[in-house]
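This walkthrough goes from a single residue to the salt bridges, then to a sheet, and ends with the chain as a whole. Please keep the sequence and the model open while reading.

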Amino acid sequence: MSDGLIPGTVRTHCPYCALQCGTELRSEDGSVSVAPSDFPVNRGGLCQKGWTAPEVLSVRDRLRTPLVRGADGALHPAGWDEALDLVAGRLREIRRESGPDAVAVFGGGGLTNEKAYLLGKFARLALGTSRIDYNGRFCMSSAAAASNAAFGIDRGLPFPVTDLGAADVVLLAGANPAETMPPLMRHLDGPALIVADPRRTPTAARAKLHLRTAPGTDLALALGLLHTAVLEGLVDEAYVAERTRGFEEARRRALAWSPERTERVTGVPAAALREAVGLLAGADRAYILTGRGAEQHSKGTDTVAAFVNLALALGLPGREGGGYGCLTGQGNGQGGRELGQKADQLPGYRSITDPAAREKVAAVWGVPESALPGAGPSAYELLDSLGRDGGPRALFVAGSNPVVSAPRAGSVTERLAALDLLVVADFVPSETARMAHVVLPVTQWAEEEGTLTNLEGRVLRRRALLPPPPGVRTDLEVLHGLAVRLGEPADRYPTDPRAVFEEIRRATSGARADYAGVTYERLDAGEALYWPCPGDGGGDGRGRAPHPGTPRMFLERFAHADGRARFAAVEYREAAERTSAAYPLLGSTGRVLAHYQSGAQTRRVAALDAVEPEAFVEVHPDTARQAGLTEGEPARVSSARGSVLARVRLVADMRTDTVFLPFHFPGDGRANLLTNPALDPTSGMPEFKVSAVRIEPEPAR
């Protein structure tokens, strides 16, 4: 779309978080500049990552040719045919020797819809494997599981971001958007904020009420809030009767959580609980939002379900001016989880175990239903099985850096090293790419066309400003080249994003996440299209007006067959790991303003690296004093799984029982060397947010 634009300029979206802020990119005299557009989610603003995003396009170590590991153990430049022939040959050999599940695929929440879709198709047809999952399992899976159970469907925000600006009160549970997605705060300046977080984050500092929970106790907090709503007569009884099921059992379990008991477990004063519920119940327009702080636990699904219970009891979901939502993190975390790269799903959020869903997708793909494999293991289970007896011997990685981002990262690194074949498609030599047997250089955001789906379920166009550098291919071209070498029909794997999207429309038609009515033409014309967006007006094939999309879900009914939402009967349980004499503190992880995810992109931007150049650990001064730590000096943080070297940062408003580490750094600074892979039994989410640790000075070397 070029209307009103200077030549050499395109309208597109930021490559980082799920807000997908609108931007205008311009190429002039060999350099690329960025400016924010007046897009609804960012309203003319960008964070420092967005402003500096073009620098990643020309970093010095940009991958520009395939690399193949030689007999000397080093990676050497190779031609594309040599690299693809080698990969395809080894994949055929491993499959012949050990079966299709001996090869695996690991995707990413930053891949475009077209890439995520074709990656899932490639895994299931070209490889015939059930071993595919993606790094989004580590981000939004608990909220997705809870939303599907409660509402019958999962869309991060079932309402536009802009609705938040008109709210009176917003509860943020385990979310810190002031650092993780700063432009969102433009919509949160007006509402009174209630922030539940163990740390006094920049978001908590702006809150009317900070519920400072002990790490791992968000579920108890939500149960206590529901108890308070029930006992104080603040439940919307008419809404509960007309639009929900299961309230009595949820109420019964919450009644065990008086404000006083909740205070003993969470550390949040009983008076603050009553104030929080009073603010939410007394507001005309109120929202409850969760983030990774509430979700990244071995009980993350139940924790989110408990906050959804609170929202339902107050009558918030399914009406204008109220609701529950999840602040999806990765750039295409929404589209990435509904278009087929998740272990248990087919495109359209279809279940891979549903016979009708399998028949539908198989028909679109032109294969018998029996050709589709079944469900595979979740992300950590997949990574932990690599190179073991009966586990995958080969792994293809696209858009992910599990050496840094996976829990128990030291063990995952060992599993990657045990593979017979590791293939990584990336645009920079990430820590995972450096371990690979074959590295395939692929395009970046400003060099490719496609679509993404942001945190509010709006489908957006990514537009190319530049051609790829010589020697670089698109992910679609890589998948096509491998699939053909593996004996697949060439036309089954289009390299044109528009052609792939047309297939997405057919594959998702009639599904929960229905994209059938979305087209590139409508998006390029400026239409705001939120799924579900059925084809042909919902349609009878007689030329009715195109479906307008669904910006606000559940206004008339929820997605369960009876139209009612479901309360969840949840019980509190402790974190999977408790403190001990050997590990007396609680370690938690998270993001900081200057960096994104594993840091593979942002650590290469000079301005961002200058702000946060190395791993650090936030410690209360009293805790530091007892451990013999000094501001600015290195410390060793250890758990039962590994240890991290980080520089001490004294923070007076930290809890004395807690230390905090950002997870963006490589090597000895990897916070995920500490984290616990205990999994949520429903979502497969690991327990990133609570680990028992100790901290001590690092001796001078």
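Is Asp 61 buried, partly exposed or exposed? The model is a predicted one, and in it Asp 61 has a relative accessible area of 30%, so it counts as partly exposed. The partner of Asp 61 in a salt bridge is Arg 604, with 2.9 Å between the closest N and O atoms. Arg 604 lies in the loop between strand S22 (585-590) and helix H22 (606-611), while Asp 61 lies in the loop between helix H1 (48-52) and strand S4 (67-69); the pair therefore ties together parts that are 543 residues apart in sequence. Arg 604 has a relative accessibility of 19% and counts as buried, because the cut-off for that class is under 20%.

Side chains of opposite charge can pair when their charged atoms come close. The structure holds 48 salt bridges, and two further ones are described here. One of them joins Arg 131 and Asp 101, with 3.1 Å from N to O. Arg 131 sits in the loop between helix H3 (113-126) and S7, and Asp 101 in the loop between helix H2 (80-98) and strand S6 (103-107); this pair links parts of the chain that are 30 residues apart. Both ends are partly exposed: Arg 131 has 24% relative accessibility and Asp 101 has 29%.

The other salt bridge is formed by Arg 498 and Glu 521, whose closest N and O atoms are 3.4 Å apart. Here both residues belong to helices, Arg 498 to H20 (residues 497-508) and Glu 521 to H21 (residues 520-524), 23 residues apart. Arg 498 is partly exposed at 33%, whereas Glu 521 is exposed at 51% relative accessibility. This pair is also part of a network of salt bridges that links Glu 449, Arg 461, Arg 463, Arg 498, Glu 521 and Asp 524.

Next comes the sheet. Strands of a sheet pair through backbone hydrogen bonds, either parallel or antiparallel. In this model, 7 strands form an open sheet with mixed pairing, in the order S5-S4-S18-S17-S16-S6-S7. Strand S5 (75-77) and strand S7 (132-134) are at the edges, and each has a single partner strand, so one side of each is left without a neighbour in the sheet. On average, neighbouring strands of this sheet are turned by 20 degrees against each other, direction ignored. Strand S17 (residues 421-426) and strand S18 (residues 438-441) run parallel and are joined by 4 bridges. Asp 426 stands opposite Pro 441 in S18.

The C-alpha trace spans about 75 × 70 × 55 Å along its principal axes. Of the 701 residues, 63% count as buried. Among contacts between residues at least 6 apart in sequence, 72% join residues at least 24 apart. The protein chain exposes about 23,400 Å², of which carbon and sulfur atoms supply 48%.

Methods: Residues are numbered from 1 along each chain as its sequence is written. This is a predicted model: local features need pLDDT of at least 70, side-chain atom pairs count only at pLDDT 80 or more; totals for chains, interfaces and linings use all residues. Side-chain values use heavy atoms; hydrogens and water are left out. Two strands pair if DSSP finds at least two bridges between them. Helices (H or I, at least four residues) and strands (E, at least two) are DSSP runs, numbered from the N terminus. Axes are lines fitted to C-alpha atoms, for helices over the stretch in contact, and angles run from 0 to 180 degrees between N-to-C directions. A salt bridge is a side-chain nitrogen of Lys or Arg within 4 Å of a carboxyl oxygen of Asp or Glu. Buried means under 20% relative accessible area, exposed over 50%, partly exposed in between (1.4 Å probe, protein chains only). Contact means heavy atoms within 4.5 Å. Accessible areas come from the Shrake-Rupley method with a 1.4 Å probe; for residues, only the protein chains shown count as cover.
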